[in-house]
Amino acid sequence: MPPSANSFRCRNCIQIMFLCFHGTVVLGTNAPFTKILGFASTNSSFRIAIFADLHFGESASTDWGPLQDQNSTRVMSNVLHTENPDFVVYLGDVLTANNIPIKNATKYWEQAVWPTRSKNIPWASVFGNHDDMAFEWPQEWFGNLGVPSIQCSDSSLATDSPVSAPGSDQMADCYFQGTTRVELLETDAQHDLSHSLYGPESLWPSVSNYVLEIASYKHPKSPAALLYFIDSGGGSYPEVISNSQARWFQQTSAKRNPSSRIPEIIFWHIPSQAYKQIAPQPGCPIKDPCVGSINLESVASQEAEWGIMDILTDRTSVKAVFSGHNHGLDWCCPYKNLWLCFARHTGYGGYGTWPRGARILKLTEEPFELKSWIRMEDGTTHSHTILASAS
Ligand SMILES: [Zn+2]
């Protein structure tokens with residue numbers, strides 16, 4: 001059964017009494033149930049690492065599948081070590097739930113947030129299309145070889161260890177219906193460092209819809225930027241941002257930022273249909289004004305457009321949207337008054353063997369500037385660009 005909003009809020013009220021290791025967490029008067037991010041006291045810029053498409057639990061029933069999760073953990077650890085970000089965004093498809101035949105896929109989620117958690121860095125997450133999928137039985141299991149013995153025990157999945165693998169073939173531990181968005185979010189949000197929130201229940205089954213505030217470096221009681229997380233669906237329901245979600249954004253942004261003075265940054269997993277309008281031809285070089293390094297597939301967009309892009313482009317304060325989902329794309333291109341960007345495939349799970357990395361955002365407050373680049377697993381960087389500035 002999903003937890004009630006009230007029980008979550010009470011727990012979160014207690015959480016906001018803690019201080020973050022990275023920057024100050026304060027209780028906002030206009031957002032009483034969210035934690036507010038702050039600049040580190042020694043730094044006037046705020047750095048965000050985006051981990052996209054980790055796909056933990058991919059091929060979970062095989063011996064080699066769990067090795068991919070170890071590789072993904074290594075990518076995240078390397079990026080966190082070199083960038084030392086103030087905040088991490090898990091941009092969806094944290095799991096390949098359709099490969100996970102156990103009830104509590106949250107154990108895999110715990111593995112995915114471990115590198116960030118172990119460095120005491122706060123994070124937030126938004127759902128992708130694979131996170132709450134039901135188990136998909138491979139067709140080949142029903143051929144000559146028959147259904148193999150399935151490993152379903154999660155007894156060796158230690159929540160505090162990044163290294164583990166299901167190790168038993170006891171069917172008694174099997175479960176094939178998937179773990180719900182609410183159950184996954186409950187696990188994520190119970191960590192003191194997590195800033196993930198349940199969205200308004202009126203927007204469900206779309207769950208991860210919420211806004212976070214980065215407090216000003218010089219004036220901590222006012223925001224330096226607002227980060228919006230919007231659930232782009234998929235998995236247990238269609239891949240769309242609904243008209244209700246679009247109106248929720250419109251109303252929330254009008255209330256939180258009526259003069260559009262505060263820069264706003266948007267995160268969702270599946271690119272909107274607008275991405276297709278500006279996409280460089282797949283396989284062709286990425287040319288100015290777009291910036292990026294891989295352009296090897298077509299945009300796999302949301303199934304429909306129910307108004308969110310019109311609302312975003314009506315606001316001069318919205319600077320950029322960041323999506324994952326397409327593992328073979330990492331470009332940013334301008335679209336009207338904002339930028340549409342892909343992150344970078346971070347995980348070893350999921351399709352594609354392109355080198356892994358993470359998109360980095362660096363927000364400077366005075367004068368305002370939003371820079372971005374991609375940090376690769378091997379430590380190199382590329383695709384440096386300025387997405388917005390005060391001038
Ligand atoms: Zn993916």
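A residue is buried if 20 or more other C-beta atoms, placed from the backbone, lie within 10 Å of its own, exposed if 12 or fewer, and partly exposed in between. The model is predicted: local features need pLDDT of at least 70 and side-chain atom pairs count only at pLDDT 80 or more, while totals for chains, interfaces and linings use all residues. Residues are numbered from 1 along each chain as its sequence is written.

**Exercise 1.** State what share of the protein chain is buried, and describe its largest nonpolar core.

Solution. Buried residues are 50% of the 391 in the protein chain. A nonpolar core joins buried Ala, Val, Leu, Ile, Met, Phe, Trp, Tyr and Cys residues through C-beta atoms within 7 Å. The largest such core has 98 residues, of which Ile50, Phe51, Leu91, Leu227 and Phe267 touch the most other members.

**Exercise 2.** Determine how helices H2 and H3 are oriented to each other.

Solution. Helices are DSSP H or I runs of at least four residues. The axes, lines fitted to C-alpha atoms over the stretch in contact, of H2 (residues 65–83) and H3 (residues 106–118) come within 9 Å and cross at roughly 20°. Angles under 35 degrees count as roughly parallel, so H2 is roughly parallel to H3. Next, list the contact residues (C-beta atoms within 7 Å): Asp69, Thr73, Met76, Ser77 and Leu80 of H2, with Gln111, Trp114, Pro115 and Thr116 of H3.

Notes:
Axes fitted to C-alpha atoms, helices over the stretch in contact; angles between N-to-C directions. Helix = DSSP H or I, 4+ residues; strand = E, 2+ residues; numbered from the N terminus. Parallel < 35°, antiparallel > 145°, perpendicular 65-115°, else oblique. Contact = placed C-beta atoms within 7 Å.
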